[in-house]
Amino acid sequence: MPVVRAPSLPRMASPSTHLEFDAERVREIARRWSDRDGGLLPALLEINDRFGHVDARAVPILAEALNRSRAEVHGVLSFYHDLRTEPPARHTVALCQGEACQAVGATRLLAEIRQAGLDDHDVQVAPVYCLGNCALGPCALVDGELVARLDRTQLIGCLS
Amino acid sequence: MRTNPRDQGTPARSESTTVMLEIDGIPISVPAGTSVMRAAAIAGTPIPKLCATDSLEAFGSCRLCLIEIAGRRGTPASCTTPVETGMQVRTRTQRLQRLRRAVMELYISDHPLDCLTCAANGDCELQDMAGAVGLREVRYASSGASHLDLSTDASNPYFSFDPSKCIVCSRCVRACEEQQGTFALTIQGRGFASTVAASANERFIDSECVSCGACVQACPTATLMEKSVISMGQPAREVKTTCAYCGVGCGFVAEIQGDQVVRMRPDRDGKANHGHSCVKGRFAWGYATHRDRVLEPMIRDSISEPWRKVSWDAAIAHAASEFRRIITEHGRGAVGGITSSRCTNEETFLMQKLVRAAFGNNNTDTCARVCHSPTGYGLKTAFGTSAGTQDFDSVAAADVIMVVGANPTDAHPVFASRLRRRLREGARLIVLDPRRIDLVRSPHIEAAHHLRLRPGTNVALMNALAHVVATEELIDVDFVRERCDQTEFQRWLAFVGHADNAPETTAAITGVPASAVRAAARLYASGGRAAIYYGLGVTEHSQGTTMVMAMANLAMATGNLGRPGVGINPLRGQNNVQGACDMGSFPHELSGYRHVSDSTARAAFAEAWGVELEPEPGLRIPNMLDAALEGSFRGIYIQGEDIAQSDPNTQHVTAALAAMECVVVQDLFLNETASYAHVFLPGASFLEKDGTFTNAERRISRVRRAIPPLAGMADWEVTVALSNALGHSMHYAHPSEIMDEIARLTPSYRGVSYAALEEHGSLQWPCDEAAPSGTPVMHADGFVRGKGRFMITRYVPTEERTGPRFPLLLTTGRILSQYNVGAQSRRTDNVVWHEEDVLEIHPHDAENRGIRDGAMVSLASRSGETALRAHITDRVQPGVVYTTFHHPETGANVVTTEHSDWATNCPEYKVTAVEVRPTNRWSRWQVESESRRRQRDQIIEPST
C-alpha cells in the first residue's frame, strides 16, 4: 500500500504520544509565535498536534500571549475542523469525498465504514474535500498519514 | 426604506478628489473611495442592506445590496464596491429584485415569525428589508435545520442576546472591534453552524464584554436588545441631550415614552462621541428614578434629629433666615457655597453669583478644587488659558500618544475607544503610571514604553524626560524661538540640563530605568505629532501644579502645540469640571478666569448685578473646613457634591461639617454630607432640566429637559428662590437667559447662546466675534498669553513618607462601571460588576502579610482606618496598593491625608502611606458611619 506523508499538514501524533494539558508548555508555544503576524493559527495547530486537541484552558493563555481577545482565539479555533476541542478518538480518518474520490467509490466507502460501526469512540471518521491526491483515490488521512487507493479491508488493516 | 434614513451604509471618505458617476440615472459626485452604496444613499436612491451601517467599514456578507454596473458582469455588493468615474449603476433591475428576494427568503426561513410580539417591532431592519425587497412568501419548509431553538442569554443586566433571531451579519462583532476596540465578540463555527459568541462562547456577563452597548445599537434585529425596550416598548419621542457622567460629554438622544426614559442612544451627531458610548452613559441612568431619590424638601434643627418634610417655600425661607442670622451674628465671611461639576453651567454660575452677590463674599469653591485645579493654574501660567488645547478628534492625527496618570479605558471609555483605534492604526503609546493600566497591554494594543514610576515622583520623571530632550538636541528650536519667552526658556534649559535631572540620577527616585526614560523621551520628541493626555494621577499630588507645568514645558520644547494631533489635554473627571471652573466657581476668579482683584472685570459684574464685589479672594474648601473648626465659618450651601465622601481625610471634613450651624445640601440623594445637613433641598437629574455642560475639550453642549423635575423644581430655580429670599433679586424665565448673562460677562463665552448652540450643535470656547463657530484647537498662531512660558519645575518630594508603621503607598482611582462617589452608578445595575471597593495588593506584599485573595483587610494611615477586601494582583507594583472610592461603606478617603498641591490645595489623593493587615471586622469609623447613616435616613412623615 503506497503511503505518502503530507508535508504541508501538521503531523498528527497518535493519541499515545499526546501530552497532558500543561499551561506552561502552551504558553511556551504561544510565545514562540507571538511576534509573527497571524501567529495564532500556527500556534493553535502546534498545540493541537502536541496535545491532540486544544483544551479550553489554552484559550486564555493564547489570548494573553498573542495579545488577542479570548473571542478571537475562540473564533479561529471553532472555525477549523482540524482544530479539535476534545481529545481525539484513538484513530482519526479524514476520508476524501472530493469528486475524483467519489468517482472511484469514496461515498460508498464512507457509508460502509459507518455501517461497520467503525465510527465510534475508537475511530473518528470525517469527510474532507480533496486531499490533492486525485489520481490515487479513494484517499484518506489516517492518523495524519495520507493513504491512497483505499478500500474497506485496507482501512481496517490500517487502523488495527 | 424606513430604517434610519440617515444611515448611508458605509463610512464617509475624506479624499479631496471627487468622482462623478450615475446611479439609476441620477448623476452624483462623491469623494474618491466612497462606496457605491453610500453614493446611492446620497443620490436619494438607497440600496437595501443588512450587514452594512455607516458606523462600520463595509463587510459584504449579507448579499442584499447587490447592484449591476453597465459593462460589467455579475452583481457585486455595493458596500464593498468603490465608485469609479463614469460608472453607470443600476440598483433596481428585475434580476436584482429576484436575487434580493431569494436572499431575504433564505434569511426569513431561519427566523422566528413573531414580529407582532417582538421587542424590535417597528425598529427592525430585517422587517424593513423584507418590505423593501417585496418578500411575499417563504417556500422553504419549516421542518429544515434552523437556529430557532437556541436559547437566550440574559446574563447582562441591560441587554439580552437571543441567537434565534440572529442573521449572523457580524455587525455586533465589528462594532465591538472597530468602534469599541474590545474584541469581545466573534463568529464561532462555520457555514450554517456560525453563531455569534461572546469570548470563548461564554455568557455575556462572564465574557470580555464591557457592556458599552455598541453591539446592541449595531444589531439590525432584536437579537441584541435593551431590556428596557423589551419591558417598555418602543419610544414615542426623542430629546437630544448630553451625558452627565465623565468629562467626555457624549451627546445622547433620550428616547422617551410619556415621562419615562426607554433608552439612551448615543447621538451620531455628537462631536465628542460620534455615536459611541460606554456602559454608564448608555445604560446606567436608572438612578434618576431610583427609590432613594428624595423628592421633598426637608429641614431639622440639629443633625441628631429626624428630618421634617416641608414645602419648598418653608425650606427656602428657613435656609435664608439661617444664613441671614449667621451673617448678622458672625459677619459676611461666615458663610459660603460649593458649586458642583455635575450641575450645569447655568446652575453653577448662579451658585457663585449667589455667594458673591447675596452672601456678599467670595467664599465659593467647587469640586474641581479636588481634581483639576492644578490644570487650570498650570496651563494658565504656561499658555494663558485654563483648559486643554485640543478637541478629541485631534487624537486621530497623533503619531505618539503619552498617557500620564490617567486610565481612560475605565474613566473616559469613549475617548479611550478613539485613542485605541488610533493605536491600532499605528500610533505609538507611552504610559506613565505606577499601575499597569489596561492601555499598557490589551488586545491589539501595547505601549511602546510603560514608565512604571513610584507614586509621588511624577515631576522627577517629567524633568528627566525633558533632560533628554534638552541634552540630546531634540528641541524644536524654531518653535521655541518663535513662540516662547526666550529668557524663561534659557533659564529652563539650564535647569533641566543639570545632572540632577538626568534619568540616571532620577532612576533612584522614580524607580524607572534610565534607558526606558531616554527611549520614551526620544520617541515623544521625534516620533511625529505627539500628544499628552493626562488625568488626576498628575494633579492630585503635592506637586500637581508643578507637574502640569513640567508637561507644558516638554510640549513647548518639542513644538507639540497649536495644531491637530499634538497638545496637552486634561481628561476631566466629571461632566462639567471645565464649565464649573469657567463659571467663576473658584474663590479667586470671576467667570472666564479673571481675578477678583481685577477692577475692570469686577466693575462689569457690579454693574450687571447691582452690588459691589469683594476684591479679595474668598475661602477654598479646605480653608472653609478649617475655619469651621475654628468657629469663624458657620454656614454652607452645597450643591450636588458629597464632600464627606469625596474629600480627603473624611474625619476632618465631617468634624468641620458638624461644627457648622447651617449646612444646606442640594442633591438627588441623602448623601454622606447630608448626615451633617440641616436643610435638604431635592436636586434634579440631568434628564429633568435645561442647561449646558462644558466637557474636557471645552465643548459646550446642551442638556435638554426630557422629563419634568421629579421634585417640582430644577436646581437653578432653587438657587434663584434662595437668592430672592436672601434679598438679592434674580429673575430668569429660562436657563437660556442665564447663558445670555454668562455670555455678556465672560469673554470666552461671548458668542454662546442657546440659539447658537441650536445652530452648531455644540461650541468649543473661545467662542466670540473672532471665532463665532468656536475653537477646536487652541494656540494655533500664538499662545493666548503671548509668549509661551517655561517654568522651573524642581522636584520636591512629598511630606507623606512611608516608614516602619506605614510602609506601603496607597493610590486611588476609578473603575469602568462606577463613577466617582457612586451616588449615581451605585444606584444602577452597574453594581453587578463592582459591588464593593477592593484593595489591589501585589502578591509579594500580600504574602508577607499572610493575606489571601478575597480576604478582608484593614487599611490604615495616619488619618484613619477602614476595612475592605483584598485582591492580589501584579497590576500594582510591590510596595503600592490601590483602591477605588466609589462606596461610602469603604470610605477610602477616611485614609487619605490633608497634604495638598502647593498652589491650589488640590489634595494629594494619589499618595498615602498606609499599612495593610488581615482583619475580621469593620473599622470603628465604618461602624460609626453606619449608625450615622441610619440616623440621617430618619424622616418624620408630616401628619395630615
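**Figure 1. Helix α1 of chain B is mostly covered.** In this predicted model, 7 of the 8 residues of helix α1 (residues 36-43) of chain B are buried. The buried residues are V36(B), M37(B), R38(B), A39(B), A40(B), A41(B) and A43(B). They pack against three strands of chain B, namely β1 (18-23), β2 (26-31) and β4 (88-90). Just after α1(B) comes G44(B), which takes a positive phi of about 90°.

**Figure 2. An open sheet of 5 strands in chain B has parallel pairing.** The strand order is β20-β17-β16-β21-β22 (chain B). At the edges stand β20 (449-451) and β22 (568-570) of chain B; each has a single partner strand, so one side of each is left without a neighbour in the sheet. On average, and with direction ignored, neighbouring strands of this sheet are turned by 15° against each other.

**Figure 3. Strands β16 and β21 of chain B run parallel and are joined by 5 bridges.** This view concerns one pairing within the sheet of Figure 2. Strand β16 covers residues 400-404 of chain B, and strand β21 covers residues 530-534 of chain B. The bridge partner of I401(B) in β21(B) is A531(B).

**Figure 4. Helices α22 and α24 of chain B cross at roughly 55°.** Two packed helices are described by the angle between their axes and the distance between the axes. Here, the axes of α22 (residues 621-630) and α24 (residues 650-658) of chain B come within 8 Å. Because the axes cross at roughly 55°, α22(B) is oblique to α24(B). The crossing of these two helices, α22(B) and α24(B), is left-handed. On the side of α22(B), the contact is made by L625(B), A628(B) and L629(B); α24(B) contributes H652(B), V653(B), A655(B) and A656(B). By class, the contact of α22(B) with α24(B) has 6 nonpolar residues, 1 polar residue and no charged residues. An α-helix has 3.6 residues a turn, so residues three or four places apart point the same way.

**Figure 5. Chain B touches chain A through 18 residues of chain B and 12 residues of chain A.** On the side of chain B that touches chain A, the elements giving two or more residues are β6 (185-188) and β7 (195-198) of chain B. The largest share of this side, 4 residues, comes from β6(B). By class, the side of chain B that touches chain A has 8 nonpolar, 6 polar and 4 charged residues.

Key. Residues are numbered from 1 along each chain as its sequence is written. Chains are lettered from A and ligands numbered from 1 in the order in which they are written. This is a predicted model: local features need pLDDT of at least 70, side-chain atom pairs count only at pLDDT 80 or more; totals for chains, interfaces and linings use all residues. Axes are lines fitted to C-alpha atoms, for helices over the stretch in contact, and angles run from 0 to 180 degrees between N-to-C directions. Angles under 35 degrees count as roughly parallel, over 145 as roughly antiparallel, 65 to 115 as roughly perpendicular and the rest as oblique. A crossing is left-handed if the near helix is turned anticlockwise from the far one by less than a right angle, and right-handed if clockwise. Two residues are in contact if their C-beta atoms, placed from the backbone, lie within 7 Å. Ala, Val, Leu, Ile, Met, Phe, Trp, Tyr, Cys and Pro count as nonpolar, Asp, Glu, Lys and Arg as charged, and the others, Gly among them, as polar. Two strands pair if DSSP finds at least two bridges between them. A residue is buried if 20 or more other C-beta atoms lie within 10 Å of its own, exposed if 12 or fewer, and partly exposed in between; C-beta atoms are placed from the backbone.
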